[in-house]
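Good morning, and thank you for coming.

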Amino acid sequence: DSALGIRSYVEEGTIIGNYVMMGPECMIFTRNHRFERTDLPMCKQGETEVKPVIIKDDVWLGARVTILPGARIGHGCVIGAGAVVSGEIPPMSVAVGNPARVVKKRKE
């Protein structure tokens with residue numbers, strides 16, 4: 001009973017719980033480009049290992065939310081449109097912004 005928003009992008013290693021609503025154009029990344037070496041163009045350095053993204057049950061991702069490698073979103077969260085999630089969002093939280101920060105808690 002979860003749904004991906006139109007034109008959304010989800011990489012391998014993403015775990016999506018039950019009853020997750022995703023707005024349009026959400027992006028979920030589980031790896032990144034390597035850029036450590038300066039003697040080699042970044043486009044030739046390959047990608048990092050997969051860092052799984054976990055989205056628990058009953059989560060609402062607004063339009064154009066971006067979730068970065070290794071992020072965790074607890075159950076019952078609301079992530080505001082355009083937010084960029086790079087870490088952990090505790091359960092029952094409302095988070096907005098770039099980087100996403102908790103602005104209030106939902107009543108359990």
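This is a predicted model: local features need pLDDT of at least 70, side-chain atom pairs count only at pLDDT 80 or more; totals for chains, interfaces and linings use all residues.

Which residue takes a positive phi in the hairpin of β12 and β13? In that hairpin, which has four residues between the strands, it is Gly97, with a phi near 95°.

Residues are numbered from 1 along each chain as its sequence is written, and side-chain values use heavy atoms, with hydrogens and water left out.

Let me begin with the sheets. Strands here are DSSP runs of E with at least two residues, numbered from the N terminus, and two strands pair if DSSP finds at least two bridges between them. Strand β12, residues 93-96, runs antiparallel to β13, and four bridges join the two. Within β13, Lys105 is the residue that stands opposite Ser93.

There is also an open sheet of four strands, ordered β1-β4-β7-β10, with parallel pairing. Its edge strands are β1 and β10 (84-85), each of which pairs on one side only. Two bridges connect β1 with β4, and these strands run parallel. Tyr9 has Met27, in β4, as its bridge partner.

I turn now to the interior. A nonpolar core is a set of buried Ala, Val, Leu, Ile, Met, Phe, Trp, Tyr and Cys residues joined through side-chain atoms within 4.5 Å. Buried means under 20% relative accessible area, exposed means over 50%, and partly exposed lies in between, using a 1.4 Å probe and protein chains only. In soluble globular proteins, nonpolar side chains tend to be buried together. The largest nonpolar core here has 19 residues, and those touching the most other members are Ile55, Leu61, Ile67, Ile73, Ile79, Val85 and Ile89. Contact means heavy atoms within 4.5 Å. Setting aside neighbours within four places in sequence, the contacts of Ile73 include Ile54, Lys56, Val59 and Ile79.

Is Thr30 buried or exposed? Thr30 is buried, with a relative accessible area of 0%. This residue belongs to the loop between β4 and β5. A polar atom of the Thr30 side chain lies 2.6 Å from the backbone oxygen of Glu12. Not counting residues up to four places away in sequence, Thr30 touches several others, among them Glu11, Gly13, Val50 and Pro69.

Next, the charged side chains. A salt bridge is a side-chain nitrogen of Lys or Arg within 4 Å of a carboxyl oxygen of Asp or Glu. How many salt bridges does the structure hold? It holds five. One of them joins Glu25 and Arg7, at 3.0 Å from N to O. That pair links distant parts of the chain, 18 residues apart: Glu25 is in the loop between β3 (21-22) and β4 (27-28), and Arg7 is in the segment before β1 (9-10). Arg7 is exposed at 55% relative accessible area, whereas Glu25 is partly exposed at 21%.

Glu25 also forms a salt bridge with Arg64, where the closest N and O atoms are 2.5 Å apart. Because Arg64 lies in the loop between β6 (60-61) and β7 (66-67) and Glu25 in the loop between β3 and β4, this pair ties together parts 39 residues apart in sequence. Arg64 is exposed, at 54% relative accessibility.

A further salt bridge is found between Arg31 and Glu47, at 2.8 Å from N to O. Both residues lie in the loop between β4 and β5 (53-55), and the pair ties together parts that are 16 residues apart in sequence. Glu47 is partly exposed, with a relative accessible area of 41%. Through shared partners, salt bridges join Arg7, Glu25 and Arg64 into one network.

Finally, the cysteines. A disulfide is a pair of cysteine sulfur atoms within 2.5 Å, and the structure holds zero disulfides. For Cys77, the nearest cysteine sulfur is that of Cys26, 14 Å away. Cys77 is buried, at 1% relative accessibility, whereas Cys43 is exposed, at 70%.

How values were computed
A polar contact is a pair of N or O atoms within 3.5 Å; within protein, one must be able to donate a hydrogen and the other to accept it, and residues adjacent in sequence count only if both atoms are side-chain atoms.
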